[in-house]
Amino acid sequence: MLLLQGLVLGVLVGGMYALMASGLTLIFGVMRLINIAHAAVIIFASYLSWQLLRVLGIDPLISIVILVVVFFIGGALLQKYVLSALIDKDLSLALLATLGVANVLEGMEGALWTSSFHAINTGYSDQTYHFGDVYVPLIRIITFVASVIILAGLYVLLTHTNLGRAIRATTQNRAIAQLVGVNVNRITMIAFGIGIAVAAAAGPLMGMYYPFYPNSHWGWIGKLMAIVVLGGLGSFRGTLVAALILGVAEQVTILYVPANWAATVFFVFLFAVLIVRPQGFFGHVARESL
Amino acid sequence: MTALLEVEGVYAGYGTGGDILQGVDLRMEKGDYVCIIGPNGAGKSTLMRVIAGVIAPRKGKVLFEGRDIGARRPDLVFREGIVTVPQGRNTFPDMTVWENMLMGAYSIRDRALVKQRIDMVIELLPVVAEKRHVRAGLLSGGQQKQVEIGRAMLVDPKLLILDEPTMGLEPRIAKAVLERVALLRQAGTTILMVEQNARLGLAAAQDGCVMELGRIKLRGRGVKMLEDPEVSRLYLGEEAGTDITRRNQNGEKNE
Amino acid sequence: MNARRVIAVAWPLAPLVILIALPFNGLNGFLLDLFYFTFTYAAMSVGWNIIGGYAGYISLANLGFFGLGSYVAGLTLSHLGWPILLTAPLVGVVCALVAAVIGWIALRTRGPSFVIVTLAFTFIVQFLALNLKDITGGSAGLYLPLLSMDPLLRGDLFYYYMLGVLILSIAVAIGIRRSRFGLGLIAIREDEGKAEGSGINTSVFKIVAFMISCWFAGVAGAVHAQYLNYVDPDLAFELIIMLNMIVMTLLGSRGTVWGPVLGAFILFPLQSYLVYWLPSTIAGEVHLALLGVVLVLIARFMPEGLLVTLQKLIVRRPPPRLQAVPADAATSARP
Ligand SMILES: Nc1ncnc2c1ncn2[C@@H]1O[C@H](COP(=O)(O)OP(=O)(O)OP(=O)(O)O)[C@@H](O)[C@H]1O
Ligand SMILES: [Mg+2]
């Protein structure tokens, strides 16, 4: 019965992990870039959502809409004016630039909101439902459903629109995408913007679920990397599966060991995957070729 | 009258390496069908890449309908009406065959037209319909090549560049593809093709060019070149030795 | 000609003599500390540069090894009584051996797994330091026995110790740069496929470079534990340490011998001044954010770093020939 509890909570949190990681995997796919700032962007969105609730009384679920738009624009500009120039020169410079961005966000949050814990508390935050022996906090159902809706939207975008197909084509074979008339620079910019926008969407949800503080993004980026590596870097579907697996593994582990040790599940998986099968388990991005 | 495509004294190479193309001149009128042959490493594919905009010429000009497209990005060259099917495998491996087709039609906004063109391709290359839901990366090499060629036929290019289009295709399909290319040409498309199977290529095309060491050595009517004993000896593999090495290298590329 | 050669080879002696002589003229404690920190950062940056600059693989593990070094040294001191200043090189060896394992996992393949694993490694060490409470004291940290010596001499001791480590790091960097090993690393950075093709065992090269790199981080961490007489999971894994190694190397010029040193000597004093000058409530946060901004700006606008940029300005070279040249000339002109 305890196991069932872990399973349910694992799936619920896994949905949110999937949302948090999917932008990372999308960005890696098109740019071959590990966005070290990804979790920092999520936390930044959490802070903004917290601020919007505090000052304007905007519900975090509503603030997702605002944040998605703003962060899409911000991400696209960052890609266009900073990262794209670096990637042409040297991918490792772009990587370091994202490290720089992570620190800028962290330092800024610390200066604006102090380094203590914050949490997004809404009126409906504290309710819990019981289904037989399984108890489920309402907030987890809400974050799960919201995550699934956003991911479904992203999935439809990627598979059923011209833009989405162009993004996937650019991911799989940049040179050939150009030869069928895709402006890969523009698509890359948009894809990065979408990746950041998805991170922004995850921010308020994450902030309703867990407390956060400026440097908590370091813990998160480690987890997200474990997810995308298990999912086979760059694979959208793989990331969804991996997020669910790790969510369940974590929640089940929590039942048996002290909560702070549950985070090690991610690293165990990460190292196991890299030792056994460096290309990940679920699908992989094809090698570039001309 | 300006030619459709004018390549004038082009030098090009990769990265910091030396020049692979060393002064290529090539002129194509509208409606031409030119087949380029030559030994491995002569620079044929490099020339195709220069025209397609994948690499920029270091010196010289590439004029298309009189406009200089030498420094243009591949997608803009594509939008000028030059469609390229490069050598080797060039599908989007994790997309279905059908999605690959749709990517070929990426630049066409008119949905009805896309549908009509895809139907036309299916008629020619049944594999496209049979495997429409299969991921392209799972097809055999020859099947992938057919998908690529089909994809290129979706748009109605002014200039179609085919780099070894029949490589890895079974003879029947290879023949069908070349026949289809001939039809496209009758419909007014200008065609530039590289073909290792020189006999097949020269027979199909109107003009033949021999490329060697980064230059175009020789140009003439395709059929005439087939009859020319000198060309036969040097480039059509009448000497057993060269023929075998060439076949082997091709074989490796097909995997 | 000969005199120029002597200058070209022997110029580092001048600053070296100055740095050795400085404490004799009664440097105050503040400046001694400033130099100690600068040397520490310089040595770690030189170390980072071996994997991150020469081989071109971005490592985020050096921070983990700094912390690991601190803890290993601190624990052997408090449990076994081994003096850190003697064991530091061995602590470095322990770190290098761990680095070999990490490298084996992450460096067998090309691509992004290295940065992920090195980041994860740093988390894991920090996580263990925080959660293996019985051994490490958890978040309360570990208080170490003090060095029993005159506090004035103590400052000098750390000054010279890290100066020595810095000199060693530079010597190693020069040695590598001139060796076949160093050429191999640079070949890996330029084009790993080609390097492999030309018979270099790239995995071994990368792993050895990573081990050397982490040796310096471990030694610096060990010495720093003694310097503070204290280790805790926040100080030992402070992100700004990692960021500094990278920014200093980048600012000075990645992949050069002297770049990281130059970067450290410029950036550390500037930062000390900045932190001193900022209101203390937000000093840490602003410091972090500014360093992040500097990192982005350098990457975007001066990715080659000061040294290479200056060199290009001063040394006038004939413009590179991009134009067509006859085939044989072109091939022979290649470097
Ligand atoms: N991407 C590349 N980078 C560096 N050099 C290249 C690249 N592609 C080709 N080359 C070099 O350019 C030269 C010409 O190659 P190219 O592919 O144009 O020959 P080709 O005539 O098409 O030969 P094949 O009949 O084998 O297709 C070769 O020496 C090759 O080594
Ligand atoms: Mg070729």
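Select helix 13 (residues 239-252) and helix 16 (residues 305-314) of chain C; their axes come within 3 Å and cross at roughly 0°. Axes here are lines fitted to C-alpha atoms, for helices over the stretch in contact, and angles run from 0 to 180 degrees between N-to-C directions. The crossing makes helix 13 of chain C roughly parallel to helix 16 of chain C. (Angles under 35 degrees count as roughly parallel, over 145 as roughly antiparallel, 65 to 115 as roughly perpendicular and the rest as oblique.) Helices (H or I, at least four residues) and strands (E, at least two) are DSSP runs, numbered from the N terminus.

This is a predicted model, in which local features need pLDDT of at least 70 and side-chain atom pairs count only at pLDDT 80 or more, while totals for chains, interfaces and linings use all residues. Residues are numbered from 1 along each chain as its sequence is written, and chains are lettered from A and ligands numbered from 1 in the order in which they are written.

Helix 13 of chain C makes the contact with C:L250, C:L251 and C:G252, and helix 16 of chain C with C:G305, C:L306 and C:L307. Two residues are in contact if their C-beta atoms, placed from the backbone, lie within 7 Å. By class, the residues of this contact are four nonpolar, two polar and no charged. Ala, Val, Leu, Ile, Met, Phe, Trp, Tyr, Cys and Pro count as nonpolar, Asp, Glu, Lys and Arg as charged, and the others, Gly among them, as polar.

**Chain A against chain C**

Next, show chains A and C together: 33 residues of chain A are in contact with 31 residues of chain C. On the chain A side, helix 3 (60-89), helix 4 (91-113), helix 9 (217-230) and helix 11 (264-276) each supply at least two residues. Helix 4 of chain A gives the most, with 15 residues. The side of chain A that touches chain C has 23 nonpolar, seven polar and three charged residues.

Now pick A:T264, which is found in helix 11 of chain A. A:T264 is partly exposed, with 17 other C-beta atoms within 10 Å. A residue is buried if 20 or more other C-beta atoms lie within 10 Å of its own, exposed if 12 or fewer, and partly exposed in between, with C-beta atoms placed from the backbone. The C-alpha atoms of A:T264 and A:T253 are separated by 9.6 Å, and the two are eleven residues apart along the chain.

**Chain A against chain B**

The contact takes 17 residues from chain A and 22 residues from chain B. Helix 6 (162-172) and helix 7 (174-179) of chain A each supply at least two residues of the chain A side. The largest share of that side, six residues, comes from helix 6 of chain A. Its classes are nine nonpolar, six polar and two charged residues.

**The largest nonpolar core**

Show the largest nonpolar core, which has 292 residues. A nonpolar core is a set of buried Ala, Val, Leu, Ile, Met, Phe, Trp, Tyr and Cys residues joined through C-beta atoms within 7 Å. The residues with the most contacts inside it include A:L246, B:I161 and C:L295. Helix 8 (residues 184-209) of chain A provides the largest share of this core, 18 residues. Select A:L246 to see what it touches: not counting residues up to four places away in sequence, its contacts include A:G14, A:Y17, A:V265 and A:F266.

**Ligand 1**

Go to ligand 1. Among the residues around it are B:Y14, B:N40, B:K44 and B:Q87. (A residue is near a molecule if its C-beta atom, placed from the backbone, lies within 6 Å of it.) Helix 1 (residues 44-52) of chain B gives the largest share of this shell, three residues. The shell around ligand 1 divides into three nonpolar, eight polar and one charged.

**Loops of chain B**

Select B:E65, in the loop between strand 4 (59-64) and strand 5 (67-68) of chain B. B:E65 has a positive phi of about 50° although it is not a glycine.

Finish at B:G31, in the loop between strand 2 (19-28) and strand 3 (33-37) of chain B. B:G31 and B:T189 are 158 residues apart in sequence and 5.9 Å apart in space, C-alpha to C-alpha. Leaving aside neighbours within four places in sequence, B:G31 is in contact with B:G188 and B:T190.
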